[in-house]
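This report describes helix packing and chain contact in the model shown below.

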Amino acid sequence: MNWLAPDINWLGLAPEILIVLVGLLVMLLDPFLSASRKQILAHLSWVGVLLTMLACLYLWDSNIDNWEGMSLADNLSLTLKLIFLSGTLLTIFISSFRSKSEIHGEYYALLLLATFGMMLMGSSTDLVVIFLGIEVMSVALYVLAGFNRPDPRSGEASMKYFLMGAFSTGFLLYGIALIYGATGQTNLVEVADYFYSSPTDLVLLAGIGLLLVGLGFKVASVPFHMWAPDVYEGAPTPITAFMSTAAKAGAFAPFVRIFLHSLAGLSASWSPLLAGMAVLSMIVGTLLALVQRQNIKRLLAYSSIVHVGYLLLGLLSGGAEGGASILFYLLAYTFMQVGAFAVVIYLGNRGEEDLSLAHFSGVAVRHPVAALAFSVFLLSLAGIPPTAGFVGKFYIFSAAVRTGHVGLAIVGVLTSVVSLYYYLGVIVYMYMRDPIELPARRPSVALVMGLALAAVGTVEMGLFPGNFLDLAQQSVARLLGS
Amino acid sequence: MTDSILSLVVFLPLVGAVLIAFIQRSQTEFIRRVAFLTVLVTFLLSLYLYFKFDPQSQAYQFVVQKDWIGSLGISYYLGLDGISLFLFLLTTFLGPLTILSTWTAITEKVKGFMISMLLLETALLGVFAALDLFLFYVFWEAMLIPMYFVIGIWGGPGRIYATIKFVLFTLTGSLLMLVAIIALYFINQAYTGTYTFSIPELSRLVLPLKTQFWLFWAFALAFAIKVPLFPLHTWLPDAHVEAPTAGSVILAGVLLKMGTYGFLRFCLPLFPNAFLEAVPLISILAIIGITYGAMVSMMQKDIKSLVAYSSVAHLGFVMLGMFALNQQGIEGSILQMINHGISTGALFLIVGMLYERRHTRLIADFGGLSSSLPVLATFFMIVALSSIGLPGTNGFVGEFLIILGAFKSNVTYAVLAASGVIIAAVYMLWMYQRVMFGQVTNPANQGLKDLNKREKLILIPLVIAIFWIGFYPKPFLSKMETSVTSLLESTEAKLAAQKEGKTYLSNSEFEMIGVSNNK
């Protein structure tokens, strides 16, 4: 049997190659730098991310087939990559260490490699490549979750995430195996073709169901969310921010490809399941977030489950509108969620960011700017205009109403009302209670920059969403255009 | 000038807020002055709008329209007609007075307070001027946040409960309205092929009855919570009692009018059939509100909550007049919105002045104040009488027109509502008697300082407005007449078109009834 070298288009893979090279470079340089100069690695990382973003922009509208139809550099994948990279960039900025000697090169290298995994998912059109991307991302995240070694909860988070992650990977892999068994294909287009010809193939349906479960775990949608609060609480705060935004967006990429595009015509068979997941995520996440007063990270973790519900609603709406609304919301969510965690880091005491709501008492008096920024992020998460969160929700709900999911949209708006209650709760503490003493410290320049960037993004997308909406619509126009 | 004047007025308070953000926190006096100057200039500029307003024209005036989010058909679109003009002016008029009233009442976190008040004013002005439904919604919701802070930070002891209740009540209604707005947007697209949130454009739709029913109630719920219509009023006494004086003035004076304005601007022209069907239910709720509000007022121990419950009664009148659906009723309803803003605003200001002197608002703590506070007592008397609707004051004209309108459409409603006027006289005069007359029994009530210059300066414009509207309402009524007529005519036209089975009014019909918007 002759082995033919696959036809690889290196240009389309430029962003992926770039980010891997930077990641490897960081790892290689690490041993050669003295502890006081490790800061260079952080700078190298964010410059690398920026370059990768430029590479993505350069490839805009090129629609390159990377290799034999398994991976595409189309506008959808490029926009997804830009969203992941924005999350990574912000995470690098808000990562702060107790002292320079604690900076580890692996931290940045793993961040970049996790991003690489997401980017693979973003462009993949083949189940095997999707699996590859998920594993690259997840393995890097398992390590990162446990990075706060002095804290046993960090270890617990890592272990829990690893076990649950491995478990969900099992589902995913089994689903892929069943699909392959039924169709003899792993390519999404061909799987879809087979499905259209025999839509009642039970093996295939079971495969798709398992795929849904596996992906549901990764995005932490109810009922596959149990791991999320513990992991989000225990992981170092910047990593929590990263997991709840970029990693979530990464896991949404295959959702978009598979359910909005490949299997769009067969929505009757999967949409009831997705609708159930969406409604449960919105309701259960909201109810659980209501009672979180002990730990702000847990509150944000549960609230992130609600946001998954909104994103699933966009998925259900389908079509170009639904796809564009998901992309817009993912970017808006990246800004506001990372921003919120950045404030938690700002107010926390380096690594000890397990702030209860009481810790926020009177923050407005001592840190007026941080309190203002936090309010903007929280109000945006609650979907109050004029912020990115409002436009995002508006877009998602309008896609839902348009496709006749009025009931789901109403569940969405009602949970938004309840969610405002717990977001306002934090604001009540910050502005309406007497201040308590927290150990004060100077935030790093990078943290302030990350915070500012997130705030500007949140407000900009709220006041002038036009360009972002156009971008989102262009990204899906070719794939899902009507 | 005419192109940008409206934007200028709407956003000037925002500019002031940004300026104040750059002033040091400790410079409280300077901050107060900048805030006052900003709202004063805003008011003076808005007077220009009043004089330039052409009472003959049926179209929206001072229109600005620019693309905002082009791909969704959302535009930055402002304009005023005879209905919104006066609510707009009421907002700018109350602005300087409220800021002036906080000079000594708000001494902590002055910077944050002034920024909140200025942001609030921009949002409120935007609500009344917006002609794009999306823009309207943005202003409508954006208003919540500064009000939330004003009650929650500078309010009384129960402020946190009150402010969260206020926000959650309002938001529940408005988010359901958002779903209805989105639905309307797509229905319009299905009928006409264009995506737009423009209110004049959407007003051309003639919707099927069932659609009208659902959309009407989604909008109506949001507005009824804001009005507040009985039984959705429970947030109001809490919010009013806990809010600082300036917050109460804006809350009663302007915020509640967003609800009644919404009914008139959206529910009537967009869903006329559903509106007609809702007349009995809403009229009865309005009458219950009038009598219930008045009776509960009578029993209040706290002057501020008395005034708060009286708002429920007054707004009941506004709703009743509007749902009479005739020229007198609607004009009376709009005028009564203004009157309530002036009279109740003045009442809250006076209660605030009493509170600054005695640090209590309980009626039982007062008594015989008129001997030491003759000037305040006089102002209080005038305002109380105007709130009751004594002839010669603004309240009379409004209530008279409303009852006249109600009489024309349904005699029973009119009689029931008129009896509410009597109870209003009881609670207001009884309260006045207990606070101002009689012997001074409490030594703390002796030797209080009468009004100073600043306080007189606050109340004089309000009293002038009370008598002006009371004796000579023509300048007000004449400017709203054309718009009200055309609103009623377009409603008639839409009801007729509904019978003929049309889906939207054609260009010629549209221009004939004059709601068109040819600049």
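## Helix packing and chain contact

In chain B, residues Ile83(B), Phe86(B), Leu87(B), Leu90(B), Leu94(B) and Ser101(B) of α3(B) meet Ile334(B), Met337(B), Ile338(B), Gly341(B), Gly345(B), Leu349(B) and Gly352(B) of α14(B). The model is a predicted one. Sorted by class, the contact of α3(B) with α14(B) holds 9 nonpolar and 4 polar residues, with no charged residues. Helix α3(B) covers residues 82-101 and helix α14(B) covers residues 327-358; their axes lie 10 Å apart, at an angle of about 10 degrees. Angles under 35 degrees count as roughly parallel, so α3(B) is roughly parallel to α14(B).

The contact of α13(A) with α18(A) divides into 13 nonpolar and 4 polar residues, and no charged ones.

The class counts of the contacts are set out here.

| α3(B) with α14(B) | 9 residues | 4 residues | no residues |

Chain B as a whole has 21 helices and 2 strands. Its C-alpha atoms fill a box of roughly 75 × 55 × 40 Å along the principal axes. The radius of gyration of chain B is 22 Å, which agrees with the value near 24 Å that a compact globule of 519 residues would have. Of the 519 residues in chain B, 60% are buried. Among contacts in chain B with a separation of 6 or more, 80% join residues 24 or more positions apart.

Between the chains, the contact takes 25 residues from chain B and 25 residues from chain A. On the side of chain B that touches chain A, the elements giving two or more residues are α5 (133-142), α6 (144-154) and α7 (159-192) of chain B. The largest share of that side comes from α7(B), with 13 residues. By class, the side of chain B that touches chain A has 20 nonpolar, 4 polar and 1 charged residues.

Definitions and conventions:
Residues are numbered from 1 along each chain as its sequence is written. Chains are lettered from A and ligands numbered from 1 in the order in which they are written. This is a predicted model: local features need pLDDT of at least 70, side-chain atom pairs count only at pLDDT 80 or more; totals for chains, interfaces and linings use all residues. Two residues are in contact if their C-beta atoms, placed from the backbone, lie within 7 Å. Helices (H or I, at least four residues) and strands (E, at least two) are DSSP runs, numbered from the N terminus. Ala, Val, Leu, Ile, Met, Phe, Trp, Tyr, Cys and Pro count as nonpolar, Asp, Glu, Lys and Arg as charged, and the others, Gly among them, as polar. Axes are lines fitted to C-alpha atoms, for helices over the stretch in contact, and angles run from 0 to 180 degrees between N-to-C directions. Angles under 35 degrees count as roughly parallel, over 145 as roughly antiparallel, 65 to 115 as roughly perpendicular and the rest as oblique. The radius of gyration is taken over C-alpha atoms; the globule rule is 2.2 Å times the number of residues to the power 0.38. A residue is buried if 20 or more other C-beta atoms lie within 10 Å of its own, exposed if 12 or fewer, and partly exposed in between; C-beta atoms are placed from the backbone.
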